[in-house]
2 protein chains.
Amino acid sequence: MDADKVFKALGDPTRRKLLDLLCERNGQTLGELCENLDMARQSATQHIEILVAANLVSTVRRGREKLHFINPVPLHEVYERWVRKFERQRLSLLHDLKRELEGEQE
Amino acid sequence: MDADKVFKALGDPTRRKLLDLLCERNGQTLGELCENLDMARQSATQHIEILVAANLVSTVRRGREKLHFINPVPLHEVYERWVRKFERQRLSLLHDLKRELEGEQE
DNA sequence: TTGACAGGCAGGTAATTACCTGCATATTAT
DNA sequence: ATAATATGCAGGTAATTACCTGCCTGTCAA
């Protein structure tokens with residue numbers, strides 16, 4: 001998993017909307033996705049390329065159409081690496097802050 | 001929660017390293033964090049400002065020092081909104097793909 | 001086989017980003 | 001008080017990003 005590509009892909013509202021659109025109905029064509037995006041087709045293509053590079057979306061050609069499918073695996077890996085780790089210490093944070101303000105070092 | 005700020009903040013290796021450093025030892029000063037970063041102090045400050053704007057880090061002044069603390073809440077919210085949603089349909093994806101390739105629409 | 005449709009390719013621009021250097025301010029220790 | 005220390009502020013540059021327009025290719029249906 002390339003965390004950089006995944007987070008950068010997610011760091012744009014257009015690309016998050018694309019994921020939401022595919023979540024509503026998986027396997028949409030480029031044209032269908034564009035109808036919901038309010039930008040030129042080529043701009044949407046570039047956003048999709050970034051999602052594909054991050055392995056968040058896979059595409060399949062069918063005739064002259066291109067179908068798009070979500071791949072949730074990188075999201076799960078991001079969770080395992082970046083969310084769980086920090087959640088574990090969630091409860092200890094207020095304590096850390098209080099201790100530091102009181103000037104006590106570890 | 002501002003998903004845009006959170007994902008953009010996470011979309012840079014320096015900022016993710018800052019979070020890892022604070023995870024190892026919460027409450028570090030700017031100077032301590034800089035020692036591990038291999039860039040000018042002011043560059044690090046700018047990265048930290050982005051983490052603060054995303055509410056991933058909080059700061060407290062103590063004398064002439066500035067202490068930095070992780071806030072894991074936005075990460076959890078990102079998980080709730082962006083990871084769980086897509087995980088739910090994880091198992092159905094191969095089926096969607098197969099069906100599309102066979103040319104059957106819903 | 002020809003027209004309509006779906007998508008790809010190749011630039012080009014304005015805004016944003018990630019760095020930097022130089023100087024200023026505030027706090028602490030001598 | 002003064003020097004050292006920790007951080008803040010201002011501006012400047014090169015790379016990246018998010019758009020666009022214009023034209024080309026491949027596929028399907030009449």
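A residue counts as near a strand if one of its heavy atoms lies within 4 Å of that strand. With that cut-off, 57% of the atoms of DNA strand C within 4 Å of the protein belong to sugar or phosphate, and the rest belong to bases. The structure is a predicted model.

**Surroundings of DNA strand C**

- DNA strand C has 20 residues around it, and those that come nearest are Gly31(A), Arg41(A), Lys66(A), Ser43(B) and His47(B).
- Sorted by class, the surface near DNA strand C consists of 8 charged, 8 polar and 4 nonpolar residues.
- In chain B, a polar side-chain atom of His47(B) is placed 2.3 Å from a phosphate oxygen of DNA strand C.
- Asp12(B) also has a phosphate contact, with an N or O atom of its side chain 3.4 Å from a phosphate oxygen of DNA strand C.
- Two or more residues of this surface come from each of helix H3 (30-35), helix H4 (41-53) and strand E3 (65-70) of chain A, and from helix H4 (41-53) of chain B.
- H4(B) provides the largest share of the surface near DNA strand C, with 5 residues.

**Surroundings of DNA strand D**

- Around DNA strand D there are 20 residues, of which Ala40(A), Ser43(A), His47(A), Gly31(B) and Lys66(B) are the closest.
- Of the atoms of DNA strand D that come within 4 Å of the protein, 58% are accounted for by sugar and phosphate.
- The residues near DNA strand D comprise 4 nonpolar, 8 polar and 8 charged ones.
- Two side chains of chain B have contacts with bases of DNA strand D: an N or O atom of Arg41(B) is 3.0 Å from a base oxygen, and a polar atom of Gln42(B) lies 3.1 Å from a base nitrogen.
- From chain A, the side chain of Arg15(A) has a polar atom 3.3 Å from a phosphate oxygen of DNA strand D.
- The elements giving two or more residues to this surface are H4 of chain A and, in chain B, helix H3 (30-35), H4 and strand E3 (65-70).
- The largest share of the surface near DNA strand D, 5 residues, is that of H4(A).

**Aromatic pairs and the charges over their rings**

- Over all chains, the count of aromatic pairs is 3.
- One pair is formed by Phe7(A) and Trp82(A), which is edge-to-face because the ring planes stand at 75°, with the centres 6.2 Å apart.
- This pair links distant parts of chain A, 75 residues apart, with Phe7(A) in helix H1 (residues 3-10) and Trp82(A) in helix H5 (residues 73-87).
- Buried means under 20% relative accessible area, so Phe7(A), at 1%, counts as buried, and Trp82(A), at 4%, counts as buried.
- In chain B, the rings of Phe7(B) and Trp82(B) also form an edge-to-face pair, with centres 6.3 Å apart and planes at 75°.
- Phe7(B) belongs to helix H1 (residues 3-10) and Trp82(B) to helix H5 (residues 73-88) of chain B, so the pair ties together parts 75 residues apart in sequence.
- Both Phe7(B) and Trp82(B) are buried.
- In chain A, the charged end of Arg81(A) sits over the ring of Trp82(A), 3.9 Å from the ring centre.
- In chain B, Arg81(B) has its charged end over the ring of Trp82(B), 3.9 Å from the centre of that ring.

Technical notes:
Residues are numbered from 1 along each chain as its sequence is written. Chains are lettered from A and ligands numbered from 1 in the order in which they are written. This is a predicted model: local features need pLDDT of at least 70, side-chain atom pairs count only at pLDDT 80 or more; totals for chains, interfaces and linings use all residues. Side-chain values use heavy atoms; hydrogens and water are left out. A polar contact is a pair of N or O atoms within 3.5 Å; within protein, one must be able to donate a hydrogen and the other to accept it, and residues adjacent in sequence count only if both atoms are side-chain atoms. Helices (H or I, at least four residues) and strands (E, at least two) are DSSP runs, numbered from the N terminus. Ala, Val, Leu, Ile, Met, Phe, Trp, Tyr, Cys and Pro count as nonpolar, Asp, Glu, Lys and Arg as charged, and the others, Gly among them, as polar. Rings of Phe, Tyr and Trp (its six-membered ring) pair if their centres lie within 6.5 Å; planes under 30 degrees apart count as stacked, over 60 as edge-to-face and the rest as tilted. Buried means under 20% relative accessible area, exposed over 50%, partly exposed in between (1.4 Å probe, protein chains only). A charge sits over a ring if NZ of Lys or CZ of Arg is within 6 Å of the ring centre and within 35 degrees of the ring normal.
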